[in-house]
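User: I would like to learn how to read a protein model feature by feature, with the general idea before each case. Could we start with how burial is judged?

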Amino acid sequence: MKIADIRATTVTVPLEAPLRHGNGCHWGRFVRTIVEVEADNGLIGLGEMGGGGESAEAVFRAMKTYLVGRDPAQLEEMRFLIANPTASLYNNRTQVLAALEFACLDLLGQQWGVPVYTILGGKLRDRVPFASYLFFRYANPATGKGEVRTAGQLVALARELKQRYGFTTHKIKGGVFHPDYEVEVYRALAAEFPGDSLRFDPNGVWSTEQAIRFGQAIEGLRNDYFEDPTFGLNGMRRTREMVRIPLATNTVVVGFEQLAANILNMAVDVILLDTTFWGGIRACVKAAAICETFQLGVAVHSSGELGIQLATMLHLGAVIPNLSFAADAHYHHLTDDVIEGGLMPYQGGSIAVPQGPGLGVRLDRDKLRRYSELYRRLGNYPYDQDPARPGWTPLVPNDRWADPTDGRPVDIPY
Ligand SMILES: [Mg+2]
């Protein structure tokens, strides 16, 4: 089997409501690039990458000159071809490599008649548990519904999600309002679900001292971990010295060099593996093995996925022995998916690992067309901007908080 063609299509899929975070907002939808790697036998492997548009599609088209005629089983070769660490100093293509790796693994699984988890060493679990990923949200401009700004609204959303999907782990994405306000929201969540696990993630926007202050304030709660309270290995290390909660990151350890630095001088306890940020599912499996050796915790990070990327997270979650926490996914905020059958179902807070050959998901061509048309209509959105505060520039550490008493709706095209 040889690679014959590579295609990329940008889509945008609506969210239930715009999701606010410490660095800006998801303006009511995700933009993703769907990658198809076609083999000379007609099989099509699927990949996915965050963001999109002309330039992202052009990057994948350009990869044809590297990959057409090559065997998709030569994955280590492809790593150096696409993302050689010194040759790619000026064109970081780790995420491109990841999308192509997903597609090649999908091709191999289909050709060999096995799921990707079999290629990766076999599955250790049939289902992967997920956290209820809770965001402060603007109301959906089309319906006026879905706002989450107050503790009451956030707890109500968590209650609804727990009832609908069965989550027993809850994560708040903070860093939006003043930390004194957010700590009260977190406490309200903890009080509502005393038996459930919790985690808080302000996306690294606090000063080290603020991180320590918040961390000490939540020490008595049922925390899985405290995620990226401040930015940088040194800030995390200083926080870790002062706070008795394991620290987790998806920002300061997102590659092997940083993992090595963290092990030599420990700053973070739990590494959140992202199949895109690390350059593929296999890179995450390797990183998980290093974490196993050094007894660091491991969980699965979400960078905002549709079903193809979710499938990579499920196959990863299935094969790593040391998955010690529920995975993160934005998935339950989506209104639809581009895969056959629509959104994958949750049951008891978990999603079944796909059983079909390859990644086990196939493209719904009608949906791909519909959401690629929607992308052409709506275009990209500035992820690092807040639609309610034009001109706002978040600092790191930040002190330019949103106002929790400001309930004005935002006007975003839907
Ligand atoms: Mg995070």
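Analyst: A residue is called buried if 20 or more other C-beta atoms lie within 10 Å of its own, exposed if 12 or fewer, and partly exposed in between, with the C-beta atoms placed from the backbone. This is a predicted model, in which local features need pLDDT of at least 70 and side-chain atom pairs count only at pLDDT 80 or more, while totals for chains, interfaces and linings use all residues. Residues are numbered from 1 along each chain as its sequence is written.

User: Where does Gln295 lie, and what is its phi?

Analyst: Helices (H or I, at least four residues) and strands (E, at least two) are DSSP runs, numbered from the N terminus. Gln295 lies in the loop between H11 and strand S13 (297-300), and its phi is near 60 degrees, a positive value in a residue other than glycine. Asp228, which is not a glycine, also has a positive phi, of about 40 degrees, and lies in the loop between S10 and H9. Asp228 is buried, because 27 other C-beta atoms lie within 10 Å.

User: Is Phe30 buried or exposed, and which residues does it touch?

Analyst: Phe30, whose place is in strand S4 (residues 29-39), counts as buried because it has 25 C-beta neighbours inside 10 Å. For touching, two residues are in contact if their C-beta atoms, placed from the backbone, lie within 7 Å. Leaving aside residues up to four places away in sequence, Phe30 touches Thr12, Val13, Leu15 and Gly304. The C-alpha atoms of Phe30 and Leu334 are separated by 8.4 Å, although these residues are 304 apart along the chain.

User: Which residues of helix H8 are buried, and what covers them?

Analyst: In helix H8 (residues 208-217), the buried residues are Gln210, Ala211, Ile212, Phe214 and Gly215. Their cover includes helix H7 (179-192), strand S10 (223-227) and helix H9 (233-242).

User: How should I describe a pair of packed helices?

Analyst: Two packed helices are described by the angle between their axes and the distance between the axes. The axes are lines fitted to C-alpha atoms, for helices over the stretch in contact, and angles run from 0 to 180 degrees between N-to-C directions. The axes of helix H11 (residues 281-293) and helix H12 (residues 307-319) come within 10 Å and cross at roughly 30 degrees. Angles under 35 degrees count as roughly parallel, over 145 as roughly antiparallel, 65 to 115 as roughly perpendicular and the rest as oblique, and H11 and H12 are therefore roughly parallel to each other. The residues that make the contact are Ile281, Cys284 and Val285 of H11 and Thr312, His315, Leu316 and Val319 of H12.

User: What is the peptide bond from Val396 to Pro397?

Analyst: That bond is cis, with omega near -5 degrees, and Pro397 has its place in the segment after helix H13 (365-378).
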